Amino acid sequence: MTRHLKKAELHCHIEGAAPPALALAQARKYNVDVGGLIEDGAYVWTAFSDFLLCYDRIAGLFRSEEDYAALAEAYLVALAEAGTIYSEIIVSPDHGNTIGLGADAYLRGLGAGIEAARARTGIEGRMIITLIRHLGPEQAERTALYAATRPHPLVTGINLAGEERMHRVADFARAYDIARDAALGITIHAGEMAGADSVRDALTIVRPSRISHGVRAIEDPGLVAQLAEAGVVLETCPGSNIALGVFPSFDAHPLRALRDAGCRVTLNSDDPPFFNTSLAQEYEIASAVMGFADAEIDAMTRTAIDAAFVDETTRARLFAALDA
Ligand code: HPA
Ligand code: ZN
């Protein structure tokens, strides 16, 4: 059992964390038909592209600052109840604009939810602004410029998510230069739906301190060695990988091989109810299915705190909470 272990996560898309019951309540609130999207209390999708469409439609059920505050607060309070001390949520100002709320109000709502959860439970949270790959490089640059204005004090990093098979990493180099110049923390989705080459491109072109997934680096032993040497932190999400068919089973998942090769690894939930998981379940699978000892799992949590996009005072406080 991993219930007693303190937990931290670096990679969860906030709209992807909405429990189906909450999404249904939102659908009722806005009188939206979600037939075919939610069945028997679970989200319905088949392949990755289909998942992204389902994700966008569910995200579209959250429309006001209050909706976002409630979503973030509910997610983080549940995490805290499972022993989590830190969470970085991936947020999308583009989505805030798409639904007509506006990016500032979207971040304000989510930020209020993070503050409310901290007041109730002590859990620390930050927001990572994501660029959306399938919206293209020009939109990504606009969003990076917005992120560079530091639109909310809890925004501390930048990511790139969405359809990994569209565009090249190089197409987003300028967006990342903008984010780096603004001293935002740098991470990027790679090596999930696309192979080792996408991880190599991410590593050499974007020079991130972390990679979202990165697990398909395992296809290239030289690249694995390079990741280990560079100390890049992999935000692995095993349950997500299995749900999307990236690997056939947890036994076939490369988490242990990557760790054994010297890569710095962490456990994350990605879009938990979409992938039938939770952060607590990822910890449980690492223990019960993958066979990691408690001390090995604690080391992953320590890596997450070490790689968190927070100021050093907060990092020290988080390490103290981990050791308490
Ligand atoms: N992968 C890529 N893009 C995403 C995801 C994901 O799991 N969730 C939301 N956008
Ligand atoms: Zn993700």
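**The metal site and the cysteines**

Guide: Start with the zinc ion (ligand 2): its 4 donor atoms subtend angles of 81 to 168°, which makes the arrangement irregular. Four donors count as tetrahedral if all angles lie between 85 and 135 degrees; four count as square planar and six as octahedral if opposite donors are over 155 degrees apart and all others between 65 and 115; anything else is irregular. This is a predicted model, where local features need pLDDT of at least 70 and side-chain atom pairs count only at pLDDT 80 or more, while totals for chains, interfaces and linings use all residues. Residues are numbered from 1 along each chain as its sequence is written, chains are lettered from A and ligands numbered from 1 in the order in which they are written, and side-chain values use heavy atoms, with hydrogens and water left out.

Visitor: Which residues coordinate the zinc ion (ligand 2)?

Guide: Donors are N, O and S atoms within 2.8 Å of the metal (3.2 Å for Na, K and Ca); water is not among the atoms, so sites may look incomplete. Here H11, H13 and H189 each give NE2 and D270 gives OD, at 2.1 to 2.2 Å. Along the chain, the spacing reads H-x1-H-x175-H-x80-D.

Visitor: How many disulfides does the structure hold?

Guide: A disulfide is a covalent bond between the sulfur atoms of two cysteines. The cut-off is a pair of cysteine sulfur atoms within 2.5 Å, and the structure holds 0. For C12, the closest cysteine sulfur is in C237, 8.9 Å away, so too far for a bond. C263 also has its closest cysteine sulfur in C237, at 15 Å, again too far.
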